[in-house]
Amino acid sequence: MFTANISCADDLRLDKETQYQKSLMKIGYRILNANNIENRMTFYYSNKKDVKTCLNRSYKNIAVYKGMLPFIDSDEELAALLSHEIARGLDTYAGFWRRTAMTLRKSKYEKKADRTAVDLMVKAGYNPVALIVILNKITAEPCFWDDLGLRRYTVGSDRMLNIYRYIYEKYPVYLVDNDYKRNLYYQNFLLVTKKQRQQFREEYKNKNSQYVTNKRL
(Lines give C-alpha, C1' and ligand atoms only; values in the text may rest on other atoms or scores of the structure.)
Protein backbone atom coordinates (compact mmCIF):
# COMPACT_ATOMS: atom_id res chain seq x y z
CA MET A 1 0.00 0.00 0.00
CA PHE A 2 2.78 2.41 0.91
CA THR A 3 4.55 1.72 -2.38
CA ALA A 4 1.31 2.17 -4.29
CA ASN A 5 0.67 5.52 -2.59
CA ILE A 6 4.14 6.76 -3.51
CA SER A 7 3.58 5.69 -7.10
CA CYS A 8 0.26 7.56 -7.28
CA ALA A 9 1.81 10.67 -5.75
CA ASP A 10 4.66 10.58 -8.26
CA ASP A 11 2.21 10.17 -11.14
CA LEU A 12 0.14 13.12 -9.89
CA ARG A 13 3.23 15.29 -9.52
CA LEU A 14 4.48 14.29 -12.97
CA ASP A 15 1.09 15.11 -14.49
CA LYS A 16 1.12 18.60 -12.99
CA GLU A 17 4.68 19.25 -14.09
CA THR A 18 3.81 18.05 -17.58
CA GLN A 19 0.97 20.58 -17.70
CA TYR A 20 3.29 23.36 -16.53
CA GLN A 21 5.75 22.42 -19.26
CA LYS A 22 3.05 22.42 -21.93
CA SER A 23 1.82 25.84 -20.81
CA LEU A 24 5.33 27.28 -20.97
CA MET A 25 5.86 25.95 -24.48
CA LYS A 26 2.45 27.06 -25.73
CA ILE A 27 2.82 30.62 -24.46
CA GLY A 28 6.53 30.91 -25.24
CA TYR A 29 6.20 29.81 -28.85
CA ARG A 30 3.12 31.98 -29.31
CA ILE A 31 5.26 34.99 -28.41
CA LEU A 32 8.11 33.92 -30.68
CA ASN A 33 5.88 33.19 -33.66
CA ALA A 34 3.70 36.30 -33.30
CA ASN A 35 6.85 38.43 -33.36
CA ASN A 36 8.54 36.49 -36.20
CA ILE A 37 11.54 35.74 -33.98
CA GLU A 38 13.84 33.34 -35.81
CA ASN A 39 16.46 33.06 -33.06
CA ARG A 40 16.11 29.64 -31.50
CA MET A 41 14.86 29.61 -27.90
CA THR A 42 13.27 26.86 -25.83
CA PHE A 43 11.25 26.89 -22.62
CA TYR A 44 11.30 24.52 -19.71
CA TYR A 45 9.90 24.09 -16.23
CA SER A 46 12.30 23.49 -13.34
CA ASN A 47 11.10 21.91 -10.08
CA LYS A 48 13.64 23.93 -8.11
CA LYS A 49 12.00 26.10 -5.46
CA ASP A 50 13.76 29.35 -6.44
CA VAL A 51 11.44 32.30 -7.10
CA LYS A 52 12.82 33.25 -10.49
CA THR A 53 12.91 32.85 -14.22
CA CYS A 54 16.21 32.74 -16.02
CA LEU A 55 18.00 32.68 -19.33
CA ASN A 56 20.68 30.02 -19.10
CA ARG A 57 24.28 30.39 -20.14
CA SER A 58 23.64 29.16 -23.66
CA TYR A 59 21.28 32.17 -24.05
CA LYS A 60 18.76 29.87 -25.73
CA ASN A 61 16.92 28.11 -22.90
CA ILE A 62 14.44 29.98 -20.70
CA ALA A 63 13.41 28.40 -17.41
CA VAL A 64 10.58 29.11 -15.01
CA TYR A 65 11.24 27.73 -11.54
CA LYS A 66 8.68 26.01 -9.33
CA GLY A 67 8.97 28.72 -6.68
CA MET A 68 7.56 31.25 -9.15
CA LEU A 69 4.25 29.42 -9.67
CA PRO A 70 2.41 30.76 -6.58
CA PHE A 71 2.91 34.30 -7.90
CA ILE A 72 1.50 33.65 -11.39
CA ASP A 73 -2.27 34.09 -11.60
CA SER A 74 -2.88 34.11 -15.36
CA ASP A 75 -1.46 33.23 -18.74
CA GLU A 76 -0.79 36.94 -19.29
CA GLU A 77 1.46 37.14 -16.24
CA LEU A 78 3.38 34.08 -17.39
CA ALA A 79 3.62 35.64 -20.86
CA ALA A 80 5.04 38.78 -19.23
CA LEU A 81 7.83 36.82 -17.52
CA LEU A 82 8.66 34.89 -20.68
CA SER A 83 8.60 38.03 -22.83
CA HIS A 84 11.15 39.68 -20.56
CA GLU A 85 13.49 36.69 -20.81
CA ILE A 86 12.97 36.46 -24.58
CA ALA A 87 13.90 40.15 -24.85
CA ARG A 88 17.09 39.48 -22.90
CA GLY A 89 17.79 36.51 -25.15
CA LEU A 90 17.48 38.68 -28.25
CA ASP A 91 20.08 41.04 -26.82
CA THR A 92 22.49 38.19 -26.11
CA TYR A 93 22.21 37.07 -29.73
CA ALA A 94 23.76 40.42 -30.69
CA GLY A 95 27.16 39.05 -29.74
CA PHE A 96 29.93 39.08 -27.14
CA TRP A 97 30.16 42.85 -26.69
CA ARG A 98 26.42 43.18 -26.14
CA ARG A 99 26.54 40.45 -23.50
CA THR A 100 29.44 42.27 -21.85
CA ALA A 101 27.49 45.53 -21.85
CA MET A 102 24.51 43.73 -20.32
CA THR A 103 26.73 42.58 -17.46
CA LEU A 104 28.31 46.00 -16.87
CA ARG A 105 25.14 48.05 -17.26
CA LYS A 106 22.51 45.82 -15.76
CA SER A 107 19.84 48.39 -14.98
CA LYS A 108 19.96 49.89 -18.49
CA TYR A 109 19.49 46.55 -20.21
CA GLU A 110 16.94 45.34 -17.66
CA LYS A 111 14.77 48.33 -18.52
CA LYS A 112 15.41 47.80 -22.22
CA ALA A 113 14.24 44.20 -21.88
CA ASP A 114 11.11 45.40 -20.07
CA ARG A 115 10.23 47.77 -22.91
CA THR A 116 10.89 45.11 -25.54
CA ALA A 117 8.76 42.69 -23.51
CA VAL A 118 5.84 45.13 -23.76
CA ASP A 119 6.17 45.14 -27.57
CA LEU A 120 6.40 41.34 -27.69
CA MET A 121 3.31 40.94 -25.52
CA VAL A 122 1.19 43.36 -27.54
CA LYS A 123 2.04 41.64 -30.83
CA ALA A 124 1.22 38.27 -29.28
CA GLY A 125 -2.17 39.51 -28.08
CA TYR A 126 -1.38 39.86 -24.36
CA ASN A 127 -2.11 42.82 -22.11
CA PRO A 128 1.26 44.44 -21.25
CA VAL A 129 -0.09 45.77 -17.93
CA ALA A 130 0.38 42.18 -16.72
CA LEU A 131 4.12 42.87 -16.67
CA ILE A 132 3.59 45.59 -14.05
CA VAL A 133 1.33 43.28 -12.06
CA ILE A 134 3.75 40.35 -11.89
CA LEU A 135 6.73 42.59 -11.15
CA ASN A 136 4.84 44.20 -8.29
CA LYS A 137 4.56 40.73 -6.76
CA ILE A 138 8.15 39.58 -7.14
CA THR A 139 10.60 42.48 -7.46
CA ALA A 140 12.49 43.71 -4.44
CA GLU A 141 12.85 47.37 -3.52
CA PRO A 142 16.50 47.87 -2.49
CA CYS A 143 18.25 51.09 -3.50
CA PHE A 144 21.28 51.08 -5.80
CA TRP A 145 23.33 53.62 -7.70
CA ASP A 146 22.49 53.73 -11.38
CA ASP A 147 24.95 52.55 -14.04
CA LEU A 148 26.79 55.88 -14.12
CA GLY A 149 26.86 56.26 -10.34
CA LEU A 150 24.93 59.54 -10.54
CA ARG A 151 21.78 58.76 -8.60
CA ARG A 152 20.15 56.13 -6.45
CA TYR A 153 17.08 54.26 -7.61
CA THR A 154 14.72 51.63 -6.23
CA VAL A 155 14.80 48.53 -8.37
CA GLY A 156 11.15 47.45 -8.31
CA SER A 157 9.43 50.83 -8.56
CA ASP A 158 11.92 52.15 -11.11
CA ARG A 159 11.30 49.23 -13.45
CA MET A 160 7.52 49.39 -13.12
CA LEU A 161 7.47 53.14 -13.71
CA ASN A 162 9.61 52.65 -16.80
CA ILE A 163 7.10 50.11 -18.13
CA TYR A 164 4.09 52.28 -17.31
CA ARG A 165 5.60 55.26 -19.14
CA TYR A 166 6.36 53.12 -22.18
CA ILE A 167 2.81 51.75 -22.31
CA TYR A 168 1.43 55.28 -21.81
CA GLU A 169 3.49 56.61 -24.73
CA LYS A 170 3.11 53.73 -27.18
CA TYR A 171 0.01 51.74 -26.21
CA PRO A 172 -2.22 54.08 -24.16
CA VAL A 173 -5.37 52.12 -25.04
CA TYR A 174 -4.29 49.47 -22.53
CA LEU A 175 -4.39 52.07 -19.76
CA VAL A 176 -7.74 53.56 -20.80
CA ASP A 177 -9.58 50.27 -21.26
CA ASN A 178 -7.70 48.32 -18.63
CA ASP A 179 -8.68 44.80 -17.56
CA TYR A 180 -6.47 45.25 -14.52
CA LYS A 181 -8.16 48.43 -13.31
CA ARG A 182 -9.33 46.83 -10.07
CA ASN A 183 -6.45 44.42 -9.69
CA LEU A 184 -4.99 44.56 -6.18
CA TYR A 185 -1.37 44.46 -7.34
CA TYR A 186 -1.83 47.03 -10.10
CA GLN A 187 -3.53 49.39 -7.66
CA ASN A 188 -0.67 48.90 -5.23
CA PHE A 189 1.60 50.28 -7.95
CA LEU A 190 -0.71 53.17 -8.87
CA LEU A 191 -1.81 54.44 -5.47
CA VAL A 192 0.56 57.07 -4.16
CA THR A 193 0.01 57.13 -0.39
CA LYS A 194 -0.05 54.44 2.26
CA LYS A 195 -3.56 55.56 3.21
CA GLN A 196 -4.81 55.08 -0.36
CA ARG A 197 -3.28 51.63 -0.59
CA GLN A 198 -4.79 50.62 2.75
CA GLN A 199 -8.21 51.96 1.74
CA PHE A 200 -8.19 49.96 -1.46
CA ARG A 201 -7.15 46.80 0.38
CA GLU A 202 -10.04 47.24 2.80
CA GLU A 203 -12.48 47.74 -0.08
CA TYR A 204 -11.07 44.69 -1.79
CA LYS A 205 -11.36 42.61 1.36
CA ASN A 206 -14.95 43.65 2.07
CA LYS A 207 -16.26 43.50 -1.50
CA ASN A 208 -14.03 40.88 -3.07
CA SER A 209 -16.75 39.56 -5.35
CA GLN A 210 -17.04 42.92 -7.14
CA TYR A 211 -13.41 43.10 -8.21
CA VAL A 212 -11.46 41.23 -10.82
CA THR A 213 -7.95 40.45 -9.62
CA ASN A 214 -6.92 38.07 -12.37
CA LYS A 215 -7.77 37.46 -15.98
CA ARG A 216 -7.43 33.76 -16.74
CA LEU A 217 -7.17 32.89 -20.42
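Predicted model: local features only at pLDDT ≥ 70, side-chain atom pairs only at ≥ 80, totals over all residues.
Two strands pair if DSSP finds at least two bridges between them, and strands here are DSSP runs of type E with at least two residues, while helices are runs of type H or I with at least four, both numbered from the N terminus. With that in mind, let me start with a pair of strands: Thr42 stands opposite Asn61 in E3, and E1 and E3, which run parallel, are joined by 5 bridges.

Residues are numbered from 1 along each chain as its sequence is written, and side-chain values use heavy atoms, with hydrogens and water left out.

Staying with E1, is this strand mostly covered or mostly uncovered? It is mostly covered, since 4 of the 5 residues of E1 are buried, where buried means under 20% relative accessible area, exposed means over 50%, and partly exposed lies in between, using a 1.4 Å probe and protein chains only.

If we leave aside neighbours within four places in sequence, Ile167 is in contact (heavy atoms within 4.5 Å) with residues including Val118, Pro128, Ile132 and Tyr174.

Now to the charged side chains. A salt bridge is a side-chain nitrogen of Lys or Arg within 4 Å of a carboxyl oxygen of Asp or Glu, and by this rule the count comes to 9. One of them joins Glu77 and Lys137, at 2.8 Å from N to O; because Glu77 lies in helix H2 (residues 75-92) and Lys137 in helix H5 (residues 129-138), this pair ties together parts that are 60 residues apart in sequence. Both Glu77 and Lys137 are buried.

Another salt bridge links Lys111 with Asp158, whose closest N and O atoms are 2.6 Å apart. Here Lys111 lies in helix H4 (residues 106-123) and Asp158 in helix H6 (residues 155-170), so the pair ties together parts that are 47 residues apart in sequence. Asp158 counts as buried, because its relative accessibility is 15%.
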